Amino acid sequence: MPVIQLQEIHRDFQVGDQVVHALDDVNLKIEAGDYLSIMGPSGSGKSTLLNLIGLLDRATSGHYILNGQDVTALSDTEQAITRNRTIGFVFQAFHLVPRLTAAENVELPLMLAGMPVDERRSRVAKSLAALHLSDRAEHKPDQLSGGQRQRVAIARATVTEPAVLLADEPTGNLDRKSGLDVVGILEALNDRGITLIVVTHDAGLGQRARRQLHMLDGRIRRERQGG
Amino acid sequence: MRLIGPDVLRFSWGALVGYPSRALLMLLAMSIGVASVVMLTALGEGARNYVRGEFATLGTNLLTVIPGRSETGGFNPSTLMGETPRDLTLDDAQALLRSYSVRRVAPLNIGSAEVSRKGRVRDTVILGATHDMLAVRRWHIMQGKFLPQIRWDRAMPVVVVGNKVREELFGAEPALGRWLRIGDRRFRVIGIMGSVGRSIGVDVEETVYIPVASAQQLFNTSSLFRILVEARSRNAIASAEKYIIKTLQARHQGVKDVTVITQDAVLLTFDKILGALTYSVGGIAAISLMVAGILIMNVMLVAVSQRTAEIGLLKALGADHRQILAIFVGEALLLSSLGAVSGLIIGELGSLALRQAFPVLPAYAPLWAVVAAMGVALGTGVLFSLLPARRAAALDPVAALSGR
């Protein structure tokens with residue numbers, strides 16, 4: 001059974017008196033453990049598609065089935081709970097809370113889930129250790145390098161052990177070496193079974209995925225197998 | 001249950017510490033509001049207790065008999081006949097002594113006259129009184145003795161002088177046993193008043209006291225200004241009042257033409273006025289708490305716009321509407337609590353300073369004011385945080401993540 005199933009998804013935006021079709025009849029099946037990249041020029045709809053898969057946005061029409069459940073009509077609160085349990089995000093701009101330490105940033109999704117303090121501390125420690133960040137646990141983001149920040153963001157995205165990891169330009173703000181490190185980490189996570197979806201402009205990064213989607217004008221124009 | 005209370009507080013605390021100038025500004029506004037309420041109500045309550053204390057020194061068992069009836073009435077034959085109320089006389093006063101409820105009676109006459117000695121002259125308040133006046137008004141003699149225990153209708157050329165009058169007329173010379181003139185009559189000084197300051201209505205130090213009959217001769221009158229009556233106990237006040245009215249009515253051909261004011265009634269009136277004053281100043285000060293609340297709202301609105309990306313992130317990580325609300329309201333609650341507690345400390349220190357500066361004023365904030373100030377502070381903090389919190393919770397996560 002696919003982990004993600006999009007059926008006839010449309011997403012329209014009203015811009016002034018014009019309607020922009022950001023996603024136009026998108027159909028997509030993603031199996032558990034897939035490694036997918038979404039590529040395309042700016043305005044092609046790839047970020048909209050990622051936001052929709054991440055339950056940060058709602059389709060204008062169509063159905064979204066996540067883990068066998070139609071999540072299209074879930075309430076905002078139900079979607080938030082599903083997001084917390086099932087999906088992890090890695091952003092280009094890291095989005096770490098500057099006043100919190102690395103450990104506290106990683107702890108955030110567990111805190112929002114209401115997990116007991118002892119349990120989440122041990123999970124945070126494990127998650128940071130897996131990304132070789134144990135010695136940076138008490139550092140604030142401004143005391144970390146770009147690569148380290150993105151590793152903290154990955155630790156935060158995976159600490160809830162989500163089924164799906166969404167990465168939006170994960171290497172966009174990193175130098176080449178750090179970027180490769182981060183890609184290596186994401187792929188290692190995929191090797192361990194997590195479904196990985198990467199949105200990127202970077203053809204080199206996109207072509208590493210096993211499935212490569214090319215979008216244009218809100219439609220999936222082409223799909224290639226690679227990796 | 002998702003996102004537990006201690007986590008909300010911890011997260012909110014982090015946000016406050018992360019933006020110290022903003023937090024301090026709100027804290028300051030809230031603490032000034034609470035401190036104002038505490039200090040102003042302490043001042044009002046202090047004034048109230050001060051007045052109560054002053055009345056207590058006069059004796060709360062005191063009744064004052066005034067000629068004339070002060071009440072709103074319908075038809076009154078005396079008004080029709082053009083009669084004025086009957087004067088109070090020494091015989092009236094004497095008649096009041098017959099009740100068991102009455103301990104002491106002090107008839108009183110008052111006027112102003114020129115007091116002179118060896119070319120030193122001053123206009124002075126002259127109080128015609130009797131021996132019992134000293135005990136009724138709880139005054140003290142500094143030197144010599146008070147007016148002698150004689151028949152009230154007997155005029156005697158003796159005088160007791162207030163300390164200031166003594167200073168002005170006698171300077172460093174001894175005054176006891178010396179003679180002075182009041183108007184064109186001579187009086188021998190037999191005592192000097194020792195009470196310091198003002199006893200309500202009379203400046204003890206600037207008054208001279210002569211026997212009531214002497215005062216009547218001096219002012220060429222047979223009437224009295226007042227009769228002060230001391231009831232035997234607090235419980236006897238009502239029966240003494242009844243007796244006074246009944247006796248004087250009988251003596252005045254059945255006309256009720258006197259007014260009896262009990263000290264309790266006067267005290268109650270003052271108490272009400274000053275109580276209302278305390279509530280008023282407390283209320284005015286509470287407005288500053290509302291202003292602080294509005295400041296909290298404004299600053300938090302700015303905070304929401306500054307932390308848009310953070311709110312977007314929290315939503316991406318699974319925070320729902322209620323959790324975002326809880327985080328922002330928690331922040332306001334934390335700020336209000338800290339502001340209220342620091343305001344209470346500042347207010348209590350201010351009240352202490354007031355008590356140190358004016359020891360006669362027992363400036364303690366009443367408990368209701370403290371509780372109300374804390375309650376209003378927390379209430380306004382939460383209330384005014386709702387708008388920014390709701391705005392934060394309603395942010396679109398995608399737009400918020402991009403800082404829009």
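1. Chain A has seven helices and ten strands. Both are DSSP runs, numbered from the N terminus: helices are H or I of at least four residues, strands are E of at least two. This is a predicted model, in which local features need pLDDT of at least 70 and side-chain atom pairs count only at pLDDT 80 or more, while totals for chains, interfaces and linings use all residues. Residues are numbered from 1 along each chain as its sequence is written, and chains are lettered from A and ligands numbered from 1 in the order in which they are written.

2. Of the 227 residues in chain A, 47% are buried. Buried means that 20 or more other C-beta atoms, placed from the backbone, lie within 10 Å of the residue's own. Take the contacts in chain A between residues at least 6 apart in sequence: 68% of them join residues at least 24 apart. A contact needs C-beta atoms, placed from the backbone, within 7 Å.

3. Look next at α5(A), residues 146–158, and α6(A), residues 176–191. Their axes lie 9 Å apart, at an angle of about 15 degrees. Axes are lines fitted to C-alpha atoms over the stretch in contact, and angles run from 0 to 180 degrees between N-to-C directions. The two helices are therefore roughly parallel to each other, a term for angles under 35 degrees. Residues that meet here include A:Ile154 from α5(A) and A:Ile185 from α6(A). By class, this contact has five nonpolar, five polar and two charged residues. Ala, Val, Leu, Ile, Met, Phe, Trp, Tyr, Cys and Pro count as nonpolar, Asp, Glu, Lys and Arg as charged, and the others, Gly among them, as polar.

4. For the complex, the predictor gives an ipTM of 0.92 and a pTM of 0.68. The contact takes 20 residues from chain A and 21 residues from chain B. On the side of chain A, α2(A) gives the largest share, six residues. That side has eleven nonpolar, five polar and four charged residues.

5. In chain B, turn to α10(B), residues 308–316. Seven of its nine residues are buried, so α10(B) is largely enclosed by the rest of the structure. Among the buried ones are B:Ile311, B:Leu313 and B:Leu314. The buried residues pack against β6 and α3 of chain A, together with α11, α12 and α13 of chain B. B:Gly318 follows α10(B), with a positive phi near 115 degrees.

6. A note on confidence. Chain B averages a pLDDT of 85, and 92% of the residues score at least 70. pLDDT is the predictor's confidence in each residue, from 0 to 100. Over residues 72–83 of chain B the pLDDT is below 50.

Terms used
Buried ≥ 20, exposed ≤ 12 C-beta atoms within 10 Å, placed from the backbone. Contact = placed C-beta atoms within 7 Å. Parallel < 35°, antiparallel > 145°, perpendicular 65-115°, else oblique.
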